[in-house]
Amino acid sequence: MLPAAALMLVLVLAACGPKSSGSIVEGKVNVITTFYPIYEFASEIGGEDANVINLLPVGVEPHDWTPRSQDIINTSKAQLFLYNGAGLEGWVPNFLKSLDSDSKAQAVEVSHGVNLITSDEEDGHDHGHEGEGEEAGHGDSLHTDPHTWVSPKSALVMAKNIKDSLQSVDPEHTAGYEERYQKLADRLTALDHKFTEELGKLPNKEIVVSHQAFAYLARDYGLSQHAIMGLSPDAEPRGQDLVKLAALVKEEGIRYIFFEELVSDKLAKTLASETGVSTMVLNPVEGLTEAQQKNGDNYFTLMEKNLQNLILALQ
Ligand SMILES: [Zn+2]
């Protein structure tokens, strides 16, 4: 448990970074989301009835992010606080304790009900647990994999949780939430079918990715994930892991190493050049870059691009 003074320090340090977007609107249901996919789904389902504010700024990946004091002020005034859970946002318990005592914000773990995957990471780093720097070296601890949203199948569960929570804090607009949720669920179902159909046809199933973000996608669509880094992209891999991966790339005839835009591509490029193969993007949809935001990209355009790149790499 983190003492309040340490939390304040975290908040002061975080106050120098880029800001979250949006502000509280009186007379609407104010919804705070922790990161991009939840923001997008909540905005779609909330429509005109909800004002959705995303905490994580554009261009930032969520693993090592921590909230600012303004985020506590906004969340204290909101009706709903939607976070992924499953270990993504280690700062949430302390954050909720620091809300104003008269805050009515209802906190909802959006990944609730997804069949979670645990990972036996060997390098001992973990996900957003601030202040636990000396944990390295445990070979056998199990970590929950937080990347539920990367599979359209679990995104469907998450969308339903978001709809239910909006209806619970704002029953007056139940019909509107239901209608917009149904539209989103139809699109997610279509995406799910497309992934099943297209990936099912491909002869190759092995993917090498930069951080371990694709286990739900791999489980739900029959792929096998090999990650250069762990569940969080901040840990350096060990030399022997890279050697093992290089051997795997050669054995399996893998033609592409996947990297992602919000994380350094240095290791993916190194592995690719050592094995003489190319690199391509596989996006864990943890956030948008500035360019993607300007371009109007969203969960669906990024997942569609992911599917096209998987088809190229695995055919
Ligand atoms: Zn991640």
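The following legends describe close-up views of a predicted model.

**Figure 1. Overview of the predicted chain.** The chain contains 11 helices and 10 strands. Of its 315 residues, 54% are buried. Among contacts with a separation of 6 or more, 70% are between residues 24 or more positions apart.

**Figure 2. Helix H5 and its buried residues.** Helix H5 covers residues 152–169. Its 18 residues should span 26 Å at 1.5 Å a residue, and this agrees with the 26 Å that separates its end C-alpha atoms. The buried residues of H5 are Pro152, Ser154, Ala155, Leu156, Met158, Ala159, Asn161, Ile162, Lys163, Ser165, Leu166 and Gln167. Lys153 is partly exposed, with a relative accessibility of 33%.

Figure 3. The side chains of Lys153 and Asp192 form a salt bridge, with a distance of 2.9 Å from N to O. Because Lys153 belongs to helix H5 and Asp192 to helix H6 (residues 174–200), the pair ties together parts that are 39 residues apart in sequence. The two partners can also be described by their accessibility. Lys153 counts as partly exposed at 33% relative accessibility, whereas Asp192 counts as buried at 8%.

Figure 4. Asp164 and Lys160 meet through their side chains in a salt bridge of 3.0 Å, N to O. Both residues lie in helix H5; they are 4 residues apart, so about one helical turn separates them. Asp164 has a relative accessibility of 30% and counts as partly exposed. Lys160 is likewise partly exposed, at 38%.

Figure 5. A salt bridge joins the side chains of Glu178 and Lys163 at 3.2 Å, N to O. This pair links distant parts of the chain, since Glu178 is in helix H6 and Lys163 is in helix H5, 15 residues apart. Glu178 has a relative accessible area of 31% and is therefore partly exposed, while Lys163, at 6% relative accessibility, is buried. Through salt bridges that share partners, Lys160, Lys163, Asp164 and Glu178 are joined into one network.

**Figure 6. Packing of helix H2 against helix H5.** Helix H2 comprises residues 36–46 and packs against H5 at an angle of about 50 degrees, with the two axes 10 Å apart. Angles under 35 degrees count as roughly parallel and those from 65 to 115 as roughly perpendicular; H2 and H5 are therefore oblique to each other. The crossing of H2 and H5 is right-handed. On the H2 side, the contact is made by Ile38, Phe41, Ala42, Ile45 and Gly46. On the H5 side, it is made by Ala155, Met158, Ala159, Ile162, Lys163 and Leu166. These H5 residues, including Lys163, are also listed among the buried residues of the helix.

**Figure 7. Packing of helix H2 against helix H6.** The axes of H2 and H6 come within 7 Å of each other and cross at roughly 135 degrees. H2 is therefore oblique to H6. From H2, the residues that make the contact are Phe41, Glu44, Ile45 and Gly46. From H6, they are Tyr177, Arg180, Tyr181, Leu184, Arg187 and Leu188. Phe41, Ile45 and Gly46 of H2 also take part in the contact with H5.

Conventions: Residues numbered from 1 in each chain as written. Predicted model: local features only at pLDDT ≥ 70, side-chain atom pairs only at ≥ 80, totals over all residues. Heavy atoms only, no water. Salt bridge = Lys/Arg side-chain N within 4 Å of Asp/Glu carboxyl O. Helix = DSSP H or I, 4+ residues; strand = E, 2+ residues; numbered from the N terminus. Buried < 20%, exposed > 50% of the residue type's maximum accessible area, 1.4 Å probe, protein only. Expected span 1.5 Å × (residues − 1). Axes fitted to C-alpha atoms, helices over the stretch in contact; angles between N-to-C directions. Parallel < 35°, antiparallel > 145°, perpendicular 65-115°, else oblique. Left-handed = near helix turned anticlockwise from the far one by under 90°. Contact = heavy atoms within 4.5 Å.
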